[in-house]
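This briefing describes one protein chain, moving from its overall layout to individual residues and their partners. Please keep the sequence and the 3D view side by side while reading.

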Amino acid sequence: QKMVERGELGAWKTNGGHRRIHKETVHRLLATRVGQELPSVHELDLVVFHPNHQEAQRIHAQLGKWGLPLKSVVVEDVVDTIITSVSSHPRVVLYYVEELTDAESATIEKLQNFFARQNVIFAVITNRQAYDGVADALQQWGIMVFLKTPSLEEVKGFLRAQLMMTRGAAG
């Protein structure tokens, strides 16, 4: 826990409060302890989709305060999500879902397939009321689902873990 808090291991907390640590960050830490060079710091490109303009701006402002080497773009349209992702080649796309309708589920499945082919991590953010249904429905595709509130801290940890894995892959 102390190593995670010091930033030595990349981790994030699940909704149940459990820490998840990527094995790549453990390997990276072990490599530094035996004298291997640390990989250089990379930016983690991120695209966030949220249809509500005010909420999208709030997320964008919050991301800027985290102090991560992060380039982020927040978009409010599904088509813009794809266009921005193709042009910026992000490592992670976060997609907000208010309610999981059949049409939304079909869109998410198409996005997941598209981003998987691009080697982009695709995760969903949803509200507390929709969380169980969304998580159950998206489990079949292996999509990480975060609660909208207070999950921005969880997302921060998730992004830190992705950043640690990116650093480890570069080395």
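Contact here means that heavy atoms lie within 4.5 Å. On that basis, among contacts between residues at least 6 apart in sequence, 65% join residues at least 24 apart. The model is a predicted one, in which local features need pLDDT of at least 70 and side-chain atom pairs count only at pLDDT 80 or more, while totals for chains, interfaces and linings use all residues. Residues are numbered from 1 along each chain as its sequence is written, and side-chain values use heavy atoms, with hydrogens and water left out.

**Overall layout**

- The chain has 7 helices and 7 strands, where helices (H or I, at least four residues) and strands (E, at least two) are DSSP runs numbered from the N terminus.
- Their order along the sequence is α-β-β-α-β-α-β-α-β-α-β-α-β-α.
- Of the 171 residues in the chain, 44% are buried; buried means under 20% relative accessible area, exposed means over 50%, and partly exposed lies in between (1.4 Å probe, protein chains only).

- Strand β5 (residues 92–97) is mostly covered, with 6 of its 6 residues buried.
- In a regular strand the side chains alternate between the two faces of the sheet.
- In β5, Val 92, Leu 94 and Tyr 96 point one way and Val 93, Tyr 95 and Val 97 point the other way, and all are buried.
- Strands β5 and β6 run parallel and are joined by 6 bridges, and the bridge partner of Val 93 in β6 is Phe 122; two strands are said to pair if DSSP finds at least two bridges between them.
- From β5 the chain crosses through helix α5 (residues 102–117) to β6 in a right-handed β-α-β crossover, a term that applies if, with the strands pointing away from the viewer, the path from the first strand over the helix to the second runs clockwise.
- Strand β6 (residues 121–126) also pairs with strand β7 (residues 144–147), in the parallel sense and over 4 bridges, and Val 124 has Val 145 as its bridge partner in β7.
- The path from β6 through α6 to β7 is a β-α-β crossover that is right-handed.
- Helix α6 (residues 131–138) contains Ala 137, which counts as partly exposed at 25% relative accessibility.
- The C-alpha atoms of Ala 137 and Ser 105 are separated by 8.1 Å, although these residues are 32 apart along the chain.

**Salt bridges**

- The whole structure holds 2 salt bridges, each defined as a side-chain nitrogen of Lys or Arg within 4 Å of a carboxyl oxygen of Asp or Glu.
- One of them joins Asp 45 to Lys 71, with the closest N and O atoms 3.8 Å apart.
- This pair links distant parts of the chain, as Asp 45 is in strand β3 (residues 44–49) and Lys 71 is in strand β4, 26 residues apart.
- Asp 45 is buried at 17% relative accessibility, whereas Lys 71 is partly exposed at 45%.
- Glu 55 and Arg 58 also meet through their side chains in a salt bridge, at 2.8 Å from N to O.
- Because Glu 55 and Arg 58 are 3 residues apart in helix α3 (residues 53–65), about one helical turn separates them.
- Glu 55 is buried at 14% relative accessibility, and Arg 58 is partly exposed at 37%.

- Lys 13, in strand β1 (residues 11–13), is partly exposed with a relative accessible area of 40%.
- Leaving aside neighbours within four places in sequence, Lys 13 is in contact with His 18, Arg 19 and Glu 154.
- Lys 13 and Glu 154 are 141 residues apart in sequence, yet their C-alpha atoms are 5.6 Å apart in space.
- Ile 21 belongs to strand β2 (residues 19–21) and is partly exposed, with a relative accessible area of 41%.
- Ser 72, in strand β4 (residues 70–75), is buried with a relative accessible area of 18%.
- Not counting residues up to four places away in sequence, Ser 72 touches Leu 46, His 60 and Leu 63.
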